[in-house]
Each structure stands twice: as structure tokens, then as C-alpha cells.
Amino acid sequence: MNLLINVCLVLFVLVAALMILVILMQRPKSEGLGAAFGGGVTENIFGAQTTNVLVKFTTWLAGIFFALTFALSVLYAHHSVASSAFRRELMKNQPAQTSPAPEKAQSSPGASPATAPAQASPAVSPAASAAPTGSPKS
């Protein structure tokens with residue numbers, strides 16, 4: 001799985017770089033960055049119909065770019081689900097308690113008062129605390 005993701009990533013970067021170069025080589029109507037590469041060079045390489053060839057090549061590269069993007073998103077989603085399922089299986093096989101919980105002291109007849117838990121006795125009875133605190137205004 002990781003090998004396939006890495007191969008797709010390398011192809012993705014190569015297609016992106018090639019697409020940038022092809023787009024910059026195109027001769028715009030305003031003679032922008034396309035003139036920097038020299039219009040004669042692209043016409044010698046691709047022929048007299050340079051614009052049509054570069055446009056078709058850009059279209060194919062864009063299609064490959066989007067297909068690789070979709071494939072990478074599916075592979076990453078599948079990879080994260082597989083790794084989480086793998087982690088769940090690993091967690092099942094581990095003991096239930098990974099860290100020791102603090103032990104609660106149990107009161108026994110022979111326990112000293114310092115180690116026995118202090119039981120809080122309510123200072124106010126529950127009935128008194130449930131009574132309304134405010135008086136209605138008339």
C-alpha cells in the first residue's frame with residue numbers, strides 16, 4: 001500500500017512539474033511568458049501547429065493530474081482506515097488495563113484512622129437543602 005502511494009506521489013509531482021512547463025511554453029495572445037522560451041523553439045519541436053499540440057498536451061496532463069489526485073485521495077483514505085482497523089486489533093490483544101489505577105483504600109476494623117478514608121457527614125440534612133431558599137415577593 002505504501003509503495004503504491006509513493007509511486008503515485010512521484011508521478012503526481014512529475015505531472016505537476018511537466019504541466020507547469022507546458023503551460024508556460026504556450027504562446028498567449030499577449031506574448032507573456034511564452035515568448036521567454038522562444039516561439040521558434042517550440043515550433044521546431046512540435047511543428048507549425050504548436051498551439052494545438054500544447055493545448056492537447058495540457059488537456060491530457062490536466063486529466064492525468066486529476067486522476068492521480070483522486071487515486072491518491074482514495075489510497076490515503078483506505079490507508080487510514082486500514083491502519084485504524086489494525087490498531088483496533090492490536091488494542092484488542094493487549095491487556096485491558098495498561099496503566100495501574102490508584103488503589104482505593106478499604107476500611108477494615110484494624111486499619112488506622114490515617115489510612116482509612118474519611119467519610120463526610122452532611123452538615124445540613126438533605127431535607128433542609130432541598131427547601132426553597134428565597135421567599136416569594138408579594
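Me: How much of the protein chain counts as buried?
Reply: In this predicted model, 12% of the 138 residues of the protein chain count as buried, a label that requires under 20% relative accessible area.

Me: Why is Thr58 called buried?
Reply: The relative accessibility of Thr58 is 15%, and the cut-off for buried is under 20%, so Thr58 counts as buried. Thr58 lies in helix H3, and, leaving aside residues up to four places away in sequence, Thr58 touches Val22, Ile23 and Gln26.

Me: What makes Ile5, Cys8, Val15, Met19, Val22, Leu54, Leu61, Leu68, Leu72 and Leu75 a nonpolar core?
Reply: A set of this kind must consist of buried residues of the listed nonpolar types, joined through side-chain atoms within 4.5 Å, and these 10 residues make up the largest such core. Helix H1 (2–25) and helix H3 (50–93) are the elements that give two or more residues to this core.

Me: Which residues does Leu61 touch, not counting residues up to four places away in sequence?
Reply: Leu61, itself one of the core residues, touches Val15, Leu18, Met19 and Val22, where a contact means heavy atoms within 4.5 Å.

Me: How do you know which element has the lowest mean pLDDT and which the highest?
Reply: Among the elements of the protein chain, helix H4 (residues 126–130) has the lowest mean pLDDT, 54, whereas H1 has the highest, 93. For the protein chain, the mean pLDDT is 73, and 49% of the residues reach 70 or more.

Technical notes
Residues numbered from 1 in each chain as written. Predicted model: local features only at pLDDT ≥ 70, side-chain atom pairs only at ≥ 80, totals over all residues. Heavy atoms only, no water. Buried < 20%, exposed > 50% of the residue type's maximum accessible area, 1.4 Å probe, protein only. Helix = DSSP H or I, 4+ residues; strand = E, 2+ residues; numbered from the N terminus. pLDDT = per-residue confidence, 0-100.
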